[in-house]
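Reader: I've got the sequence and the model open side by side. Can you walk me through what the terms rest on?

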Amino acid sequence: MSMSAMQVAVGLLARRDYSRYQIKSKLAQKGFIDSEIEAVLTQCESQGYLDDARFAALLLRSHIGKGHGQNKIRQSMAQKGLAKEIIQDTLNASDCDWFELAKQKAAKKYAASGPIEDQKERAKRVRYLLSQGFAFDQVAYALEVDPDL
């Protein structure tokens, strides 16, 4: 017995949220035709099963929980097929303090290492925070030397 495109889509969305692009790709992989896929996507959106804005907000929360910066989050959302407008709106609506998040990420990663001893160590920490998606000004803030020491 073969399943309809709607059954496949609802089955996937029952387990977790996906972007419109991801569901479209999964249905295409299963051999459904484009017109059928579009009809199913439209129906899923109208019934509230599929919502790219909700998916983007969940993804944002998940990445913030992992201590990722805006650049890494933006890249992840783009890979999942979210529109640039949705990505930008989601990031703008976030109340996250990216500077403090970068500082927390650095403190957690380098707690045992102690203060920065030399340029090589500073460069290593800068590269790490940049790779986690933080902007350079956020990295600079996170790696500021404590004036009380």
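Author: Let's start with exposure: a residue is buried under 20% relative accessible area, exposed over 50%, and partly exposed in between, using a 1.4 Å probe and protein chains only. Before we go on, this is a predicted model, where local features need pLDDT of at least 70 and side-chain atom pairs count only at pLDDT 80 or more, while totals for chains, interfaces and linings use all residues. Residues are numbered from 1 along each chain as its sequence is written, and side-chain values use heavy atoms, with hydrogens and water left out.

Reader: What makes a stretch a helix here, and how many helices and strands does the chain have?

Author: Helices are DSSP runs of H or I with at least four residues, strands are runs of E with at least two, and both are numbered from the N terminus. By that count the chain has nine helices and zero strands.

Reader: Which residues of α1 are buried, and what puts them on the same side?

Author: Helix α1 covers residues 5–15, and its buried residues are Ala5, Met6, Val8, Ala9, Leu12 and Leu13. The arc is taken from the directions that run from the helix axis to the C-beta atoms. These residues cover an arc of only 165 degrees around the axis, so they sit on the same side of α1. On the other side of α1, Ala14 and Arg15 are exposed. The cover over the buried residues includes α2 (20–29) and α3 (34–46).

Reader: What makes a set of residues a nonpolar core, and how many residues has the largest one?

Author: A nonpolar core is a set of buried Ala, Val, Leu, Ile, Met, Phe, Trp, Tyr and Cys residues joined through side-chain atoms within 4.5 Å. The largest has 22 residues, and Met77, Trp98 and Leu129 have the most contacts inside it. Two or more residues each come from α4 (52–65), α5 (70–79), α6 (84–93), α7 (98–109), α8 (119–131) and α9 (136–142). Apart from this core lies another, of 15 residues, including Ile23, Leu27, Ile37 and Val40.

Reader: Which residues does leucine 129 touch?

Author: Contact means heavy atoms within 4.5 Å. Not counting residues up to four places away in sequence, leucine 129 touches Ala102, Lys105, Ala106, Phe134, Val139, Ala142 and Leu143.

Reader: Why is the pair of arginine 54 and aspartate 17 called a salt bridge?

Author: A salt bridge needs a side-chain nitrogen of Lys or Arg within 4 Å of a carboxyl oxygen of Asp or Glu. Here the closest N and O atoms are 3.2 Å apart, so arginine 54 and aspartate 17 form a salt bridge. Arginine 54 lies in helix α4 and aspartate 17 in the loop between α1 and α2, so the pair ties together parts that are 37 residues apart in sequence. The structure holds five salt bridges.

Reader: How do you know that aspartate 17 is buried and arginine 54 is partly exposed?

Author: Aspartate 17 has a relative accessible area of 17%, so it falls under the cut-off and is buried. Arginine 54 has 32%, so it is partly exposed.

Reader: Which residues do salt bridges with shared partners join into one network?

Author: Let's build up to that. Arginine 20 and glutamate 45 meet in a salt bridge at 2.7 Å, N to O. That pair links helix α2 with helix α3 across 25 residues. Lysine 24 and glutamate 38 meet in another, at 3.1 Å. Lysine 24 lies in helix α2 and glutamate 38 in helix α3, so this pair ties together parts 14 residues apart in sequence. Salt bridges that share partners join Arg20, Lys24, Glu38 and Glu45 into one network.
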